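Welcome! Take a moment to look through the sequence and turn the model around on your screen. Then we can walk through it together, one piece at a time.

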Amino acid sequence: MTSEFDDDAQDLSRYRVYSRREIVSLLRALAARGQLVRMQANGGADAVITSILEVDDANDMVIIDRAPSATTNQRILDSDEIAFETILENIRILFFASRVHSCTHDDRPALCMAIPESLIRLQRREYYRVTTPVATPVRCTFAIPDESGEVAGMVTVPLHNISAGGIAVVDEKKLIPATLGLIYEKCRIDLPGGAIEAKLELMNINDLKLTSGKTTRRLGFMFVDLPNATLSAIQRYITKLEREQNARATGMA
């Protein structure tokens with residue numbers, strides 16, 4: 001299964017932490033601060049905001065708050081890989097579980113998983129990816145070149161997520177030529193605050209099978225030679241999205 005975190009263009013292996021003591025310490029810090037954690041299952045089809053309730057080192061267990069929906073909880077329990085993403089002191093933390101199980105915590109239903117054997121700790125906050133809204137999708141238009149390099153047509157697809165380092169788009173009809181390393185010039189991204197133009201290099205291709213049986217394609221792109229003014233517009237949009245998502249997660253929206 002492929003998670004949305006595979007869309008990161010950068011090599012994350014050098015940021016991976018294997019020390020059991022450090023992993024437990026980081027997870028306990030997240031629990032102590034009540035830090036919000038994004039939990040995703042089924043290739044990102046199911047995503048909820050949760051938190052770590054307890055880290056039980058002796059019993060090799062991390063206890064996590066359940067999703068509000070019983071249906072979503074069951075889909076997470078049935079998933080064969082679950083991805084977690086959060087921020088601790090401006091450091092992006094990623095970790096994964098092959099399975100989660102039902103349990104109780106303080107006499108309330110919860111989810112639990114084994115303490116991960118490793119996690120990823122990214123200190124470059126600018127590459128934190130934020131999922132774009134499904135209800136009001138942001139769209140990106142690509143100029144598709146022909147064999148001679150001339151523009152053969154335009155393809156517009158919705159964004160799946162965005163960071164200051166790049167974007168991931170959903171190409172259900174597979175209209176964008178999927179050649180790794182191919183650079184698309186003058187792509188237009190229609191942000192709510194105004195359209196921006198960017199050069200995008202294709203970094204990864206993920207063909208996903210959804211729980212409905214339908215297949216879709218997700219393409220990860222890296223920004224190339226991004227002007228400072230364009231970067232500032234992207235960062236403002238990311239900040240706005242994060243505030244909105246955190247407000248919904250805490251019931252303040």
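Which backbone nitrogen does the side chain of serine 163 reach?

## Starting with one serine

It is that of glycine 165, and the side chain of serine 163 reaches this backbone nitrogen at 2.9 Å. To find the spot, look for the loop between strand S13 (151-162) and strand S14 (166-170), where serine 163 is found. Is serine 163 buried or exposed? With a relative accessibility of 1%, serine 163 counts as buried, because the cut-off for buried is under 20%.

## The whole protein

Now step back. What you see is a predicted model, with a mean pLDDT of 85 for the protein, and 89% of its residues reach 70 or more. One stretch calls for care: over residues 1-11, pLDDT stays under 50. The model does have 44 contacts beyond four places in sequence for residues 1-11. Where pLDDT is low, though, the predicted coordinates should not be read in detail.

The secondary structure of the protein comes to three helices and 17 strands. The protein has 253 residues, and 48% of them are buried. If you take the contacts with a separation of 6 or more, 61% of them are between residues 24 or more positions apart. The accessible surface of the protein comes to about 13,000 Å², and carbon and sulfur atoms account for 47% of that surface.

Next, find strand S2 (residues 37-41), which is joined to S3 by five bridges, with the two strands running antiparallel. One of the pairs to look for is glutamine 40, whose bridge partner in S3 is alanine 47. Four residues lie between the strands in the hairpin of S2 and S3, and asparagine 42 takes a positive phi near 55 degrees there.

## An open sheet and a helix across it

Four strands form an open sheet with antiparallel pairing, and their order is S4-S5-S9-S8. Strand S4 (52-56) and strand S8 (101-105) stand at the edges; each has a single partner strand, so one side of each is left without a neighbour in the sheet. On average, neighbouring strands of this sheet are turned by 35 degrees against each other, direction ignored. Within the sheet, three bridges join strand S5 (residues 61-64) to strand S9 (residues 108-113). Isoleucine 64 stands opposite leucine 111 in S9.

Helix H1 (residues 20-32) lies across S4 and S5, and H1 runs at about 150 degrees to S4. Alanine 32 has its place in this helix. Is alanine 32 buried or exposed? Alanine 32 is exposed, with a relative accessible area of 69%. Alanine 32 and glutamate 54 are 22 residues apart in sequence, and their C-alpha atoms are 8.5 Å apart in space.

## A strand with two partners

Strand S7 (residues 91-97) has six of its seven residues buried, so S7 is largely enclosed by the rest of the structure. Strand S6 (residues 82-88) pairs with S7 in the antiparallel sense over seven bridges. In this pairing, isoleucine 82 stands opposite alanine 97 in S7.

S7 also pairs with strand S10 (residues 119-122), again in the antiparallel sense, over three bridges. Here isoleucine 93 has arginine 121 in S10 as its bridge partner.

## Two lysines to look up

Lysine 174 is not a glycine, yet it has a positive phi of about 55 degrees. Its place is in the loop between S14 and strand S15 (183-191), and with a relative accessibility of 40%, lysine 174 counts as partly exposed.

Lysine 186 has a phi near 50 degrees, also a positive value in a residue other than glycine. Lysine 186 is found in strand S15, and at 60% relative accessibility lysine 186 counts as exposed.

How values were computed. Residues numbered from 1 in each chain as written. Predicted model: local features only at pLDDT ≥ 70, side-chain atom pairs only at ≥ 80, totals over all residues. Heavy atoms only, no water. Buried < 20%, exposed > 50% of the residue type's maximum accessible area, 1.4 Å probe, protein only. Polar contact = N/O pair within 3.5 Å; in protein donor to acceptor, adjacent residues only side chain to side chain. Pairing = 2+ DSSP bridges. Axes fitted to C-alpha atoms, helices over the stretch in contact; angles between N-to-C directions. Contact = heavy atoms within 4.5 Å. pLDDT = per-residue confidence, 0-100. Areas by Shrake-Rupley, 256 points an atom, 1.4 Å probe, with all protein chains shown as cover.
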